[in-house]
Amino acid sequence: MFSINPAYDLNFGDYAIGEFDERMNLYRRLEKEGVGISVMKAFCGGKLLDASESPFHQALSKTQYIQYALDKPGVLTVLPGIRNDQDLQDVLAFFKASKEEKDYSILGTFPKLESYNHCVYCKHCHPCPKGLDIALINKYYDLVRLGDDLAKDHYHHLALKASDYVACRHCDKRCPFHVQQSKRMQEIAAYFHE
Ligand code: SF4
């Protein structure tokens, strides 16, 4: 079990140990080692649900924070605290939520992430007009560079790979985390030679 939420990842709060990159590398390493993460504190004890308590001075929904945690490498499940029937209904609403309701791209405008330019696998840039799974291609690439052979095998079996990128720059325009996928896809294609 591990505590994951945007505040901890961005170094706000008691359990916010490590910079964003270090924490992302830990999640990738756990995925590579085959260790699944069950996420605790997805709402930072409720603070992230209240704009007056959130370090970002803006509240996101439970659904957005659950999706944020689920997108991290290695994460298998999120275990939200439940105090009453309403809490349970709020959490179960995740299963019926639309893509828009799960979208947490607003985080890309928050301090510390404003200058971040690495893929966080959020899929906000999807759907790719050509059909590439941009988030998955990035995830496999990051994992393979950490020595994950399984991810290498997964990459080789993708129907469309970085070399299929057509430089339309759709994802460059759509990415809230300022990733230049036009450069990144060239880098990934050169790394895998496909
Ligand atoms: S390129 Fe940007 S929008 Fe697309 S999955 Fe990565 S972080 Fe999300």
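At what angle do helix α6 (residues 134-145) and helix α9 (residues 181-192) pack, and how far apart are their axes? They pack at about 50°, with the axes 11 Å apart; axes here are lines fitted to C-alpha atoms, for helices over the stretch in contact, and angles run from 0 to 180 degrees between N-to-C directions. Please keep in mind that this is a predicted model, where local features need pLDDT of at least 70, side-chain atom pairs count only at pLDDT 80 or more, and totals for chains, interfaces and linings use all residues. Residues are numbered from 1 along each chain as its sequence is written, and side-chain values use heavy atoms, without hydrogens and water.

**The α6–α9 pair**

- α6 and α9 are therefore oblique to each other (angles under 35 degrees count as roughly parallel, over 145 as roughly antiparallel, 65 to 115 as roughly perpendicular and the rest as oblique).
- On the α6 side, the contact (heavy atoms within 4.5 Å) is made by I134, I137, N138, Y141, D142, V144 and R145.
- From α9 come Q181, R184, M185, E187, I188, Y191 and F192.
- The residues of this contact divide into 8 nonpolar, 2 polar and 4 charged.

**The two domains**

- An automatic or database assignment gives domain 1 (2-109) and domain 2 (134-192).
- Their C-alpha centres lie 24 Å apart.
- Across the interface, 11 residues of domain 1 are in contact with 9 residues of domain 2.
- The two domains bury about 850 Å² between them, 66% of it on carbon and sulfur atoms (buried area is the accessible area, 1.4 Å probe, that two parts lose on being put together, summed over both).
- In domain 1, R28, K32 and G108 lose the most area to domain 2, together 53% of what that side buries.

Key
Helix = DSSP H or I, 4+ residues; strand = E, 2+ residues; numbered from the N terminus. Nonpolar A, V, L, I, M, F, W, Y, C, P; charged D, E, K, R; others polar.
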